[in-house]
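Keep the structure in view as you read.

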Amino acid sequence: MYSHIIFDLDGTLIESLPGIAAALNTALAASKLPTHSIEDVRTFIGDGSLTLCERAAPDQSSETIHVIHETFLAEYPKAWKSGTTVFAGIHEVISELKGMGCTLSILSNKVHEFTTEMADYFFPEKPFDLVLGQREGIAKKPDPSGIHELLGELDKSSSNSILVGDSTIDVITARNAGIKSLAVTWGYHDKSALKAVSPTLTAHKVPQILELLTPTQVPSFRQPA
Ligand SMILES: O=C(O)COP(=O)(O)O
C-alpha cells in the first residue's frame, strides 16, 4: 500500500482541455495566427504553457511566442472556470484515499498560481497536503525536482510514494525520481505512447486507481448498500 499518492492535474484529475483550448485560441487569434481544434490542442498539453504556445505556433519568432504566451496567461483565468470539470469518480477516489489515511499531493506543469487556485476551487475540502505547479527557476516535469521537494516537505519515502498521471512525461518523471508510476488512459496521451514508456501500473477507468493502489481494501463507495 502506498502512503503517499502524487497526482498530476490536467488530464488526470480534471478535464481542462476546453478551457486551455479557448484561452490558447483567443491568444492565437489576437496575434492573427490560425487557431486549432480541441483535438490538436490535446496533443500540445503536458509540458507547461510556454511549450503549449510553441507547439500551437510553430515557426514563429520567440518574440511572437512571448506575446501569445502573455495573452494566454491573461485569458486563462477567464477561461478555466467555464471550461474545466473534475473527471467522474475522482472526488470519490480522493475521499476514499484520504479516508484510508493516505497523504495526497499534486505535481503539475501548469503555472503554480493556476494549479493552487484550481485545486482549491475543484477540491474545496482541501484533501491535498501539498500542491505544486510550475514555478520560475524550478525545473518542470520530467525533471524529478518537484517529486524530491514533495517527498522532503511531506517527509515521505520514495518506496511508499507513487505518481498518478495521464502523460508519458509523468511516467518518465516518476522513473527519474526513483518512484513508481500509475498511468491513466482517460487523459491527453495515447494508450500506445503510455505503454511504450512502461508505467508500473495502468488504470483505464477512474475506480481502478483504488483497486490498483489499495488491492486489499474494498472502497466503501463501491460496496453494495
Ligand atoms: O499544463 C500542462 O501543460 C500540463 O499540466 P499537468 O502537468 O497538470 O498535466
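Domain bounds here come from an automatic or database domain assignment. That assignment gives domain 1 (4-15 + 85-222) and domain 2 (17-79). Their C-alpha centres lie 25 Å apart.

This is a predicted model: local features need pLDDT of at least 70, side-chain atom pairs count only at pLDDT 80 or more, and totals for chains, interfaces and linings use all residues. Residues are numbered from 1 along each chain as its sequence is written.

How many residues of domain 1 are in contact with domain 2? There are 11, and they meet nine residues of domain 2. Contact requires C-beta atoms, placed from the backbone, within 7 Å. The domain 1 side has four nonpolar, four polar and three charged residues. Ala, Val, Leu, Ile, Met, Phe, Trp, Tyr, Cys and Pro count as nonpolar; Asp, Glu, Lys and Arg as charged; the others, Gly among them, as polar.

Now the ligand. Its shell draws at least three residues from each of domain 1 and domain 2. Of the 13 residues around the ligand, Leu9, Asp10, Ser108, Asn109 and Lys110 come nearest. A residue is near if its C-beta atom, placed from the backbone, lies within 6 Å. Strand β4 (residues 103-111) gives the most, with three residues. Strands are DSSP runs of E, at least two residues; helices are runs of H or I, at least four; both are numbered from the N terminus. By class, the shell has three nonpolar, six polar and four charged residues.

Conventions: Two residues are in contact if their C-beta atoms, placed from the backbone, lie within 7 Å.
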